[in-house]
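Colleague: I'd like to learn how to read a few features off a model like this one. Could we start with the charged contacts?

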Amino acid sequence: MATIQTSIAIPLLLSFNNLTYSVKNKETKILLNDVSGEASDGEILAVLGPSGSGKSTLIDTLANRTVVKGSLKGTINLNGQNLDSNLLKIISAYVMQDDLLFPMLTVEETLMFAAELKLPRFLSKSKKKKRVEDLIDQLDLKNAVNTVIGDEGHRGVSGGERRRVSIGIDIIHDPILLFLDEPTSGLDSTSAFAVVRVLQKIAQSGSIVIMSIHQPSYRILCLMNRLIFLSHGEVVYSGSPFKLSVFLGDFGFQIPEDENPSEAALDLIRDLENSTDGTKGLVEFNKKWQNQNPNPRADEFQGNYNSSLNQAIASSISRGKLVYGGTEVQKFANPIWVEILALSKRSYLNSRRMPELFAVRFGATFITAILLATLYLGVDLSPVGNSERIRFVGFAITTVFFVCTDGIPGFLQERNIFLRETSFNSYRKSSYCLSHALVWIPSLFFLSITFSSITFWGTNTASNGGGFWPEFLFYLGIIMGSFWTGNSFVTLIIEIVPHVMLGYVVVVATLSYFLLFCGLFIDRDRIPSYWVWFHYISPKKYANSAVLHNIYDDPTTCFVRGIQFLDGTPFDSMISMELKEKLLNNIGKTLGRNITGSSCLTTGADILKERGVSDLSKWDCFWITIAWGFFFRILFYFALLMGGTKNKRK
């Protein structure tokens, strides 16, 4: 769209006519039925009605959000022209009912990160800072600038301030159209009034503000410019809040002078809905009443709204709307690397201010490592020692994977914020996917060093053939790879199953299956053919195999010598040492070999073959483990792409 520079103030009018929206499940349900109305810049249009009346559906329909296109009939125009969905995303903002914010960021930081993501790169840092400062003034948040948002465990801003911050991050670009789903929900009357007063300021700055609200107080009602009352998806009143009493009086429902007209109207609607005839009579009366009492500004509006949509938007831009400067912008305000840096910095800052979360993760890793190191301390090179060492490897890798499950609540919190922010193209889904991985790497590396350092030296997991430090660095690498893969897997599952308890169940169950089929509890050759595929898709198989290779790859190290082959067998305690030596000598004669007490009977290669891990090298197992992490991240990205379809109203 070409941007036309103009200094003439051209008004904007959003009109919607005969909107009908139905969904089919077992039977067809009509959510909106022949709904019409209009909203102009400088005004607040409020949508009211009892629960289930269609308020949120109407807001979502006008915002082109969560609505199945084929089920919607009617027209939505801005200044008489059809509003393209891509243009709508550029010039509008949608504020959800829930406040989805990072709890440990201050008000100013929250708004500044929104500016970095939503305002284009060509705007200087100082201009973005100035926009944030102006927005803080507009939202009446000066007293809370340096206060963290807070959550259940951290004291922060008040409920009303939190709601205004939620509004602020969505209007950082100063949109022409602003949609809000019950912005006063859950607030006390004073906080609710403060929020709506802020919305009035936003409208007066040249925006069209459309909001749903459940039961406004009288002083909030006085801030509204137009009302639409709905009942089961039909309009029962449309007009000025100051004519509501007259309308109800003409219908035969007199309102006492000291009663809130909106509350009286809602009471009447509820009573009619519970009656035999329902609200059909009120719907028909509204149509007749509207014809008899036309909007006195209709003729004035008709003359001014004939300008092209391009001209009207250009006029708004010249008056300061759309901070990024026009409608000729890319789908996203910034290149991908700017988004990745901003998202990574925001997540890191929020996490750094909650050290207790990392402390729990570190504590679990440290304590488990100490237990393993002290429990398996002094494991020797014998059949019993080898069996214990193999069990240690399996438990160590399993611990690494299970430690990653502690991030599930944090993943869910970020997921909800992600859904809100990407619904209006704040950043690319690929940027979020990459930044999410980058932010976790430092903490996973620190946990890997802690766990590896303690368990490697404490459990004699070095073969001493390939060099002590190379083997330690490889062990560190495979532990890091296991943390990476486990974290990626948990991230994927929580995106697919976005629920704390269900997520835990699915993650723990699947990790247990990976453990069961990794070859530790049952050898690969003994797994039934119809289950052997699970053995090969278990990431733990490759991590276990890599560590076993690291221990047993040295061909010069002997793990069973002479009569040690009887260790752990029933014969070990049944016969004397002298008899063991004779038995060993006789076995040697039978095999045609000279076998003594110092003869090497089992090398590392023998153990690897026995465990069924000789088909791949240690580096093959290492890179496959890492690759599983990338594979889960790729699946996570595709899950993010498909996630936008989950919120459709069906």
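Modeller: A salt bridge here is a side-chain nitrogen of Lys or Arg within 4 Å of a carboxyl oxygen of Asp or Glu. Keep in mind that this is a predicted model. By that cut-off, the side chains of Asp-99 and Arg-163 form a salt bridge, at 2.8 Å from N to O.

Colleague: How many salt bridges turn up in the whole structure?

Modeller: The search finds 16. One of them joins the side chains of Arg-353 and Glu-109, 2.6 Å from N to O. Arg-353 lies in the loop between H13 and helix H14 (355-375) and Glu-109 in helix H3, so this pair ties together parts 244 residues apart in sequence. Both ends are partly exposed: Arg-353 has a relative accessible area of 26%, and Glu-109 has 21%.

Colleague: What does Arg-428 pair with?

Modeller: With Glu-339, where the closest N and O atoms are 2.9 Å apart. That pair also links distant parts of the chain, with Arg-428 in the loop between helix H16 (408-422) and helix H17 (429-458), and Glu-339 in helix H13, 89 residues apart. Glu-339 is buried, at 1% relative accessible area, but Arg-428 counts as partly exposed at 24%. Salt bridges can also share partners, as in the network that links Arg-346, Arg-420 and Glu-421.

Colleague: Let's move on to helices. How do I read which way one faces?

Modeller: The general idea is that an α-helix has 3.6 residues a turn, so residues three or four places apart point the same way.

Colleague: Which residues of H10 are buried?

Modeller: Leu-282, Val-283, Asn-286 and Trp-289. Seen down the helix axis, the buried residues of H10 fall within an arc of 125°, so they line one face. On the face turned away from that buried side you'll find the exposed residues Lys-280, Lys-288, Asn-291 and Gln-292.

Colleague: What about nonpolar residues on the surface?

Modeller: For that, look at Ile-336, Trp-337, Leu-341 and Leu-434, which form a nonpolar patch with about 390 Å² of accessible area together. Helix H13 (residues 336-352) supplies the largest share of the patch, three residues. Trp-337 is found in helix H13 and is partly exposed because its relative accessible area is 45%.

Colleague: Last one: how many disulfides does the search find?

Modeller: Zero across the whole structure. To count, a pair of cysteine sulfur atoms must lie within 2.5 Å. If you want cysteines to look at, Cys-433 is buried, with a relative accessible area of 8%, and Cys-222 is partly exposed at 31%.

Conventions
Residues are numbered from 1 along each chain as its sequence is written. This is a predicted model: local features need pLDDT of at least 70, side-chain atom pairs count only at pLDDT 80 or more; totals for chains, interfaces and linings use all residues. Side-chain values use heavy atoms; hydrogens and water are left out. Buried means under 20% relative accessible area, exposed over 50%, partly exposed in between (1.4 Å probe, protein chains only). Patches are made of residues with over 30% relative accessible area and no salt bridge: like charges are joined within 9 Å, nonpolar side chains (Val, Leu, Ile, Met, Phe, Trp, Tyr) within 5 Å. Accessible areas come from the Shrake-Rupley method with a 1.4 Å probe; for residues, only the protein chains shown count as cover. Helices (H or I, at least four residues) and strands (E, at least two) are DSSP runs, numbered from the N terminus. The arc is that of the directions from the helix axis to the C-beta atoms.
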